[in-house]
Amino acid sequence: MTWEDHAVIQIRQFGWSDYDAVVAVWAAAGREVVPRAELAAKLTRDPELFLVAEADADVAGVVMGTYDGRRGWILRLAVRPEHRRRGIAGQLVGELERRFRLLGCPRVNLLVMPDNEAGLRFWQALGYLPMPDVLCTKPL
């Protein structure tokens with residue numbers, strides 16, 4: 001593997017000045033945008049678990065995590081298409097896992113849609129194993 005295979009990036013905590021760039025990452029990746037009000041509520045809990053990756057002075061990727069004191073959750077990992085296959089997603093996840101460990105988090109969960117074969121391969125390569133749980137949800 002050569003140096004071109006991995007981007008030189010900086011991973012840091014999200015700041016509100018990043019919001020428009022993060023929205024652009026989510027949009028480019030085909031992800032739903034988290035509204036400001038919902039994001040503000042999330043950031044009152046564990047702001048250190050919402051990370052951005054900068055590459056070439058641009059926000060190239062983002063991952064949001066949360067920890068409820070029992071389990072960590074990885075939410076909304078996204079990398080701009082032009083920055084993919086450079087190791088950014090793995091670096092974001094690695095930093096998020098490091099921060100979970102610092103909080104004493106014993107286990108991390110995430111959701112992957114069953115038809116997302118590339119996503120399942122990515123997560124399995126990082127050691128995440130599919131579980132036979134059934135997701136239930138209820139809008140409030």
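Buried means under 20% relative accessible area, exposed means over 50%, and partly exposed lies in between (1.4 Å probe, protein chains only).

This is a predicted model, in which local features need pLDDT of at least 70, side-chain atom pairs count only at pLDDT 80 or more, and totals for chains, interfaces and linings use all residues. Residues are numbered from 1 along each chain as its sequence is written, and side-chain values use heavy atoms, with hydrogens and water left out.

**Stop 1: confidence**

Color by pLDDT, the predictor's confidence in each residue, from 0 to 100. The mean for the protein is 91, and 95% of its residues reach 70 or more. Now compare helices; these (H or I, at least four residues) and strands (E, at least two) are DSSP runs, numbered from the N terminus. Confidence is highest in helix 3, at 97, and lowest in helix 4 (residues 117-125), at a mean of 93.

**Stop 2: the cysteines**

Select Cys105. It is buried, with a relative accessible area of 12%. Then select Cys136, which counts as exposed at 66% relative accessibility. How many disulfides does the structure hold? The structure holds zero, where a disulfide is a pair of cysteine sulfur atoms within 2.5 Å.

**Stop 3**

Select strand 3 (residues 58-67). Nine of its ten residues are buried, so strand 3 is largely enclosed by the rest of the structure. Two strands pair if DSSP finds at least two bridges between them. Strand 2 (residues 50-55) runs antiparallel to strand 3, and six bridges join them. Strand 4 (residues 72-79) also pairs with strand 3 in the antiparallel sense, over six bridges.

Center on Val62. Its bridge partner in strand 4 is Ala78.

Next, look at the turns. The hairpin of strand 2 and strand 3 has two residues between the strands, and Asp56 in that turn has a positive phi of about 55°. The hairpin of strand 3 and strand 4 has four residues between the strands; there, Gly69 has a positive phi of about 95°.

**Stop 4: nonpolar cores**

A nonpolar core is a set of buried Ala, Val, Leu, Ile, Met, Phe, Trp, Tyr and Cys residues joined through side-chain atoms within 4.5 Å. Which residues touch the most other members of the largest core? Select Ile74 and Ile88: they do, among its 21 residues. Strand 2, strand 3, strand 4 and helix 3 each supply at least two residues of this core. Helix 3 gives the most, with six residues. Another core lies apart from it, with 14 residues, including Tyr19, Phe50, Val52 and Val59.

**Stop 5: salt bridges**

A salt bridge is a side-chain nitrogen of Lys or Arg within 4 Å of a carboxyl oxygen of Asp or Glu. A search of the whole structure finds eight.

Start in helix 3 (residues 88-102) with Glu95 and Arg98. Their side chains meet in a salt bridge at 2.8 Å, N to O. The two are three residues apart in helix 3, so about one helical turn separates them. Glu95 is buried at 16% relative accessible area, whereas Arg98 is partly exposed at 39% relative accessibility. Elsewhere, salt bridges that share partners join Arg12, Asp18 and Glu54 into one network.

Zoom in on Asp18. Its closest N and O atoms in the salt bridge with Arg12 are 2.7 Å apart. Asp18 is buried, with a relative accessible area of 5%.

Finish at Arg80 and Glu82, whose side chains meet in a salt bridge (2.7 Å, N to O). Glu82 is partly exposed, at 49% relative accessibility.
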